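Keep the 3D view open while you read.

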Amino acid sequence: MSTLKVNTIESETPNVTIADGLTVTGVGTVTTLNTTNLINATQLSNRNMIINGAMRVAQRGTSSTTSGYGSVDRFQHTHNGTDEAPTFEQADVASGTTPYTLGFRKSLKVTNGNQTSGAGASDYIYISQRIESQNTANSGWNYTSTSSFITLSFWVKSSVAQEFHGFILSADGTRKLYSFSLGSLSANTWTKVTKTIPGTSDLQFDNDNAQGILFRVAMFRGTDATGTITQNQWGTFDTNVRYPNYTSTWYTTNDATFELTGVQLEVGSVATPFEHRSYGDELQLCKRYYYDMTTSNSAYSKLVIHQNGYFQHPQIKHPVEMRAAPTITFSNVARRALNGSGDTSESISNTTSAKTSWTSYPTNTSNTFQTFIYDYPIKFDSEL
Amino acid sequence: MNITSAKYCINLDTNENQSIKATIDGVEMFVPISEGNTHYDEIMRQVNAGTLTITAASN
């Protein structure tokens, strides 16, 4: 056994041949790698557990002040205690910047309101994504092993120079929290954040459609959920201590902005380049959690069948199987005589909702055949 | 999630409760009686906590 220490190896002939047994420990850099067989510890496709990490899909709308879901798909934006609600919007990534040069065209941008009463103990603004537990259970991450890893990476930009924080939470069994810092961000500068997270013996991810991992980044969290916490390691979730004490500079700056894009959570100890999916693929993934029936027309008539003394419209299949039977929200419904004369306001008395299909029952029970007009959108929500 | 009203809706063939018409965050929604649906789970959490009552269906 001998050790050879050199700076450069060059070949006189086209190739340096190593018959077998080459092991590189640590992270190496290779400009071009030609292989006949490549075996990756990180899967080559479908490796991002985050859906819509590039913020391209926004079915509900491109801008929202709601606390909940309202802007880009799958990302929940939550706020509490604000004097003026923040705005969450799908924004353009400026050309010429990195991450633009890496193929990111959209971000989720938070614009703060005017928090005139300052930072209250229960105030918060944050962005989250909840991942189905089965997607982690079946990801290939040996999550109870400390030598098996997942890697979280994302791009972030703030108009205010400040340190922000986030966490990964496991929801099954005893809830575990992995708190991390985004580092001290420079104002108006895109920064890539990477966190490599090991497994730990008591993590649990059930093979079901309930929440498994919760990913969250906070713009601010008041003192009722901050305190002494060791970051970059798993700890038992304490609802009163989720972050270190939080700087309130961003929160108390009117119209401060915070942008997030390129969110990727993958198995392995290295952050690979972001897995860009086609818009169509990403949209289909999003529809498992939310979609709406909509059209450029303001209204749409639907065939309704009269049977057994009541009306029912035919069962309609969802475009994809949804995570759970969805909640259905209707816009206006009206009743119209078959001769097309005047509409009368109608209501829905009941629905059936399953993962794969739905139907509804107008309240009217007359025996006269009529057309029912369902205004769009009709919304289907099975978010976590 | 601010739930201000909840009322059962019945299946007209079987006369059994089939969904819940609820007003959530100011919006009227039809919530399936199905565990795993986030709205249904929250309705039942509030019912079990004694802070919400689901009104019986109208016949």
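Let's begin with a sheet in chain A: six strands, antiparallel in their pairing and open, lined up as S2-S5-S10-S7-S8-S11. The edge positions go to strand S2 (76-80) and strand S11 (234-236) of chain A; each has a single partner strand, so one side of each is left without a neighbour in the sheet. On average, and ignoring direction, neighbouring strands here are turned by 30 degrees against each other. Bear in mind that this is a predicted model.

Inside that sheet, strand S7 (residues 162-170) and strand S10 (residues 211-221) of chain A run antiparallel and are joined by six bridges.

| Strand pair (chain A) | Bridges | Facing residues |
|---|---|---|
| S1 (residues 63-64) and S3 (residues 87-92), antiparallel | two bridges | Ser63(A) and Glu89(A) |
| S4 and S12 (residues 257-267), antiparallel | four bridges | Thr111(A) and Thr257(A) |

Now for the charges. Searching the whole structure turns up twelve salt bridges over all chains. One of them links Arg288(A) and Glu132(A), whose closest N and O atoms are 2.7 Å apart. Arg288(A) lies in the loop between helix H2 (279-287) and strand S13 (290-293) of chain A, while Glu132(A) belongs to strand S5 (residues 124-132) of chain A, so this pair ties together parts that are 156 residues apart in sequence.

On to the meeting of the two chains. Here 19 residues of chain B are in contact with 20 residues of chain A. The area buried between them comes to about 1400 Å², with carbon and sulfur atoms giving 47% of that. Which residues of chain B lose the most area to chain A? They are Leu12(B), Gln18(B) and Phe30(B), which together account for 36% of what that side buries.

What about polar links across this interface? The salt-bridge count between chain B and chain A is zero, whereas ten residue pairs are in polar contact, both residues being at pLDDT 80 or more. On the chain B side, the elements giving two or more residues are strand S1 (3-10), strand S2 (17-24), strand S3 (27-32) and helix H1 (38-48) of chain B. S3(B) gives the most, with six residues. Sorted by class, the side of chain B that touches chain A has eight nonpolar, eight polar and three charged residues.

Methods: Residues numbered from 1 in each chain as written. Chains lettered and ligands numbered in written order. Predicted model: local features only at pLDDT ≥ 70, side-chain atom pairs only at ≥ 80, totals over all residues. Heavy atoms only, no water. Contact = heavy atoms within 4.5 Å. Buried area = accessible area lost by both parts, 1.4 Å probe. Salt bridge = Lys/Arg side-chain N within 4 Å of Asp/Glu carboxyl O. Polar contact = N/O pair within 3.5 Å; in protein donor to acceptor, adjacent residues only side chain to side chain. Nonpolar A, V, L, I, M, F, W, Y, C, P; charged D, E, K, R; others polar. Pairing = 2+ DSSP bridges. Axes fitted to C-alpha atoms, helices over the stretch in contact; angles between N-to-C directions.
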